[in-house]
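Colleague: I would like to learn how to read a structure such as this one feature by feature, with the general idea placed before the particular case. Could we go through it together?

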Amino acid sequence: MATLAKTVVATGASSGLGFEVIKQLLVQKQPYKFILGARDVATTQAAFGKVEFDKSQHSLVVLPLELSDLKGVKKFSQQVLERTGQDKLDYLMLNAARSNGAEQQGPHGSKWCESYIVNHLSHHYLVHLLRDKLVASNSRLVFVSSGAIRMVKDPSTLDADLKGGSGAGSQTVYAGTKFTALLNAHWWRRQLTGQCTVVAVSPGLIPDTGLSRGMQVTIPPEMMKDAKSVAEGAGSILAAFTRTDFPEDPDQIFLTSWGEWWGRDVIEGSLDKGLQDKWSPSKEEIEKEEGIVG
Ligand SMILES: NC(=O)c1ccc[n+]([C@@H]2O[C@H](COP(=O)([O-])OP(=O)(O)OC[C@H]3O[C@@H](n4cnc5c(N)ncnc54)[C@H](OP(=O)(O)O)[C@@H]3O)[C@@H](O)[C@H]2O)c1
């Protein structure tokens with residue numbers, strides 16, 4: 001039987017902003033059923049074990065999820081469907097990301113670099129796998145994006161830069177993967193019109209997370225004046241769970257950290273439908289290219 005609790009499925013909730021988002025939801029009166037994917041299940045469970053919350057109100061389960069392994073993503077999706085059962089899947093938060101460059105060959109024989117797979121391809125594949133459930137649930141999909149998408153001036157360079165072993169640096173790869181993920185958010189918005197709500201959101205500049213681990217650059221002091229706390233960044237992401245004041249223009253799906261919907265002029269590069277299609281392969285294409293069988 002369906003419960004009153006709202007189900008939240010999330011990636012990247014083991015630390016940083018994603019962890020804080022779940023912490024902030026855990027103090028709400030609304031009951032939640034959290035299904036979180038994390039690569040280190042024991043550490044993530046231990047971290048949430050230290051968070052005080054009403055266990056009679058909320059439930060929280062952590063399932064193994066290594067996003068660089070698409071076979072594991074498929075297994076995670078099956079476990080999510082088993083765990084949700086008859087309940088709706090109300091929110092899907094696609095938040096995990098890494099910031100490493102593309103010096104290494106792609107994982108598991110993929111032609112793509114690990115950051116591309118973690119930040120974009122795995123999330124896109126997960127939405128494919130959960131599609132029927134998302135549609136049946138009228139879900140809200142929250143793509144955690146970044147102002148870094150503005151750094152991509154020429155998308156034709158992405159084909160080469162995002163390949164494993166391309167040698168592209170962390171900034172180029174990070175911006176490129178967040179750009180392809182935003183293209184993909186638009187693509188899913190088009191596919192799921194009238195069935196699901198799709199929102200992309202930027203948390204703002206939040207230096208105190210683990211994201212800078214892979215970055216080979218330091219943030220210039222003039223940018224640091226806009227820096228926000230982890231709690232504020234998580235608050236910005238949470239706004240994407242609840243905002244209903246969508247602009248009339250259906251392409252304006254990007255919520256900024258200061259609460260405005262970014263205009264077409266800023267996200268123009270991501271509005272190219274040809275590019276959205278190109279960077280949003282079908283489930284079958286992904287499985288063929290990445291050698292996923294069964
Ligand atoms: N911080 C900022 O200034 C900023 C600005 C704009 C946008 N964002 C976006 O905000 C989101 C969260 O970033 P953050 O700053 O909170 O970074 P973070 O502290 O590094 O957190 C990243 C999360 O992604 C998970 N993750 C990384 N690689 C993974 C993999 N291969 N498989 C499964 N999970 C993986 C991490 O898990 P582990 O705990 O195992 O490492 C962690 O939970 C990202 O989408 C990022 O692009 C951040």
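Colleague: Which helix gives the most residues to the shell around the ligand?

Modeller: Please keep in mind throughout that this is a predicted model. The helix that gives the most to the shell around the ligand is helix 1, residues 16–26, with three residues. Of the 28 residues around the ligand, those that come nearest are Gly12, Gly16, Ala96, Thr209 and Gly210.

Colleague: How many residues of each class does the shell around the ligand have?

Modeller: Sorted by class, the shell has twelve polar, eleven nonpolar and five charged residues.

Colleague: Is helix 1 mostly covered or mostly open?

Modeller: A residue counts as buried if 20 or more other C-beta atoms lie within 10 Å of its own. Helix 1 is mostly covered, since eight of its eleven residues are buried, and these are Gly16, Leu17, Gly18, Phe19, Glu20, Val21, Ile22 and Leu25. The elements that cover them include strand 1, strand 2, helix 2, strand 4 and helix 8 (230–242).

Colleague: How many bridges join the neighbouring strands, for instance strand 1 and strand 2?

Modeller: Strand 1 and strand 2 pair in the parallel sense over six bridges, with Val8 standing opposite Phe34 in strand 2. Val8 also stands opposite Tyr91 in strand 4, and three bridges join strand 1 (residues 6–11) to strand 4, again in parallel. Strand 4 in turn pairs with strand 5 (residues 140–144) through four bridges in the parallel sense, and there Tyr91 stands opposite Arg140.

Colleague: Which residues of strand 4 lie on each of its faces, and are they buried or exposed?

Modeller: The general idea is that side chains in a regular strand alternate between the two faces of the sheet. In strand 4 (residues 91–94), Tyr91 and Met93 are on one side while Leu92 and Leu94 are on the other, and all of them are buried, which leaves both faces covered.

Colleague: Which residues touch the most other members of the largest nonpolar core?

Modeller: That core has 76 residues, and those touching the most other members are Leu36, Leu92, Met93, Leu141 and Val142. If we leave out residues up to four places away in sequence, Leu36 touches Ala10, Ala13, Ile22, Thr44, Leu60 and Val62.

Colleague: Why does the radius of gyration of the protein chain agree with a compact globule?

Modeller: A compact globule with 294 residues would have a radius of gyration near 19 Å, and the protein chain agrees with this because its value is 18 Å. Along its principal axes the C-alpha trace spans about 50 × 50 × 40 Å, and buried residues make up 44% of the chain. Among contacts between residues at least 6 apart in sequence, 77% join residues at least 24 apart.

Colleague: Which residues does Gln276 contact, leaving aside its neighbours within four places in sequence?

Modeller: Gln276, which lies in helix 10 (residues 273–278), is in contact with Leu183, His186 and Trp187. From Gln276 to Leu182 the C-alpha distance is 8.5 Å, although the two are 94 residues apart in sequence. Gln276 counts as buried because 21 other C-beta atoms lie within 10 Å.

Colleague: Where is His108 found, and what is its phi?

Modeller: His108 is found in the loop between strand 4 and helix 4 (114–136), and its phi is near 55°, a positive value in a residue other than glycine. Asn138, in the loop between helix 4 and strand 5, likewise is not a glycine and has a positive phi of about 50°.

Colleague: Why does Asn138 count as partly exposed?

Modeller: Asn138 counts as partly exposed because it has 14 C-beta neighbours inside 10 Å. For His108, which is also partly exposed, there are 14 other C-beta atoms within 10 Å.

How values were computed. Residues are numbered from 1 along each chain as its sequence is written. This is a predicted model: local features need pLDDT of at least 70, side-chain atom pairs count only at pLDDT 80 or more; totals for chains, interfaces and linings use all residues. A nonpolar core is a set of buried Ala, Val, Leu, Ile, Met, Phe, Trp, Tyr and Cys residues joined through C-beta atoms within 7 Å. A residue is buried if 20 or more other C-beta atoms lie within 10 Å of its own, exposed if 12 or fewer, and partly exposed in between; C-beta atoms are placed from the backbone. Two residues are in contact if their C-beta atoms, placed from the backbone, lie within 7 Å. A residue is near a molecule or strand if its C-beta atom, placed from the backbone, lies within 6 Å of it. Helices (H or I, at least four residues) and strands (E, at least two) are DSSP runs, numbered from the N terminus. Ala, Val, Leu, Ile, Met, Phe, Trp, Tyr, Cys and Pro count as nonpolar, Asp, Glu, Lys and Arg as charged, and the others, Gly among them, as polar. The radius of gyration is taken over C-alpha atoms; the globule rule is 2.2 Å times the number of residues to the power 0.38. Two strands pair if DSSP finds at least two bridges between them.
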